[in-house]
Amino acid sequence: MKKVKDKKQLIIEAAMKIFCRDGFHKATVSEIAAKAGVGKGTIYEYFDSKKQLFIEMMKYYANLYYENLIAAIEKEKTIMDKLKRYILIEEEIMTKHGDLAQIFMREAYNIGLEVHKIMKNNRIKQIQFFADLIQAGIDEGIFRNVNPYTAALAFMGSVHHIQVSKIFIKDSYSEEINIENLHDLLLNGIKK
């Protein structure tokens, strides 16, 4: 049973590399099989089609991202440290796996509704996690009484766009971005 699981995971990991390099439409099952070190026919023992493999790959990495994100944040003791940790994790993930994030975004609407649902469900779980965290901060008197969902969206969206600017766009302002300033700005705002 363990060997079956390992082979399926090898295929998913190989698929991620090929899809990131070539995109969904140019990637071939033969190349994915070669990268995984299995025969082309073996791919079809686990996945009905290239599209199903792509969808399973997205599910796998979306779940892996969410589980690792939550585990890392939960290790921090204070709410402020948990939010700061999120900024650091987002930077690390964008730097190391930005190509995967780009393929998620690029192919989400091309592949179909299933991919869109994966992304939407993952996003909802993440927003709920941060809304709960912000609500805990409100309950503890750390934050003023704001709508926790709106605050979660504003926090996550700001972190994402700032990291995209810093890592992918690399505009003239990106060199001025540092984690301490970002953390301070997001949690204390711009008001004197």
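Helices here are DSSP runs of at least four residues, numbered from the N terminus. In this predicted model, lysine 82 has its place in helix 5, which spans residues 79–111. Leaving aside residues up to four places away in sequence, lysine 82 touches Ile73, Glu74, Glu76, Lys77 and Leu133.

Next come the aromatic rings. A search of the whole structure turns up nine aromatic pairs. One of them joins phenylalanine 19 and phenylalanine 24: the ring centres sit 5.8 Å apart and the planes meet at 20°, so this pair is stacked. Phenylalanine 19 also pairs with phenylalanine 54, this time with centres 4.9 Å apart and planes at 85°, so the arrangement is edge-to-face. Phenylalanine 19 belongs to helix 1 (residues 2–26) and phenylalanine 54 to helix 4 (residues 50–74), so their pairing ties together parts that are 35 residues apart in sequence.

Elsewhere, Tyr86, Phe129, Phe130 and Phe155 form one aromatic cluster.

Lysine 50 lies over the face of phenylalanine 24, at 4.7 Å from the ring centre, while lysine 125 lies over the face of tyrosine 66, at 4.6 Å from the ring centre.

Methods:
Residues are numbered from 1 along each chain as its sequence is written. This is a predicted model: local features need pLDDT of at least 70, side-chain atom pairs count only at pLDDT 80 or more; totals for chains, interfaces and linings use all residues. Side-chain values use heavy atoms; hydrogens and water are left out. Helices (H or I, at least four residues) and strands (E, at least two) are DSSP runs, numbered from the N terminus. Contact means heavy atoms within 4.5 Å. Rings of Phe, Tyr and Trp (its six-membered ring) pair if their centres lie within 6.5 Å; planes under 30 degrees apart count as stacked, over 60 as edge-to-face and the rest as tilted. A charge sits over a ring if NZ of Lys or CZ of Arg is within 6 Å of the ring centre and within 35 degrees of the ring normal.
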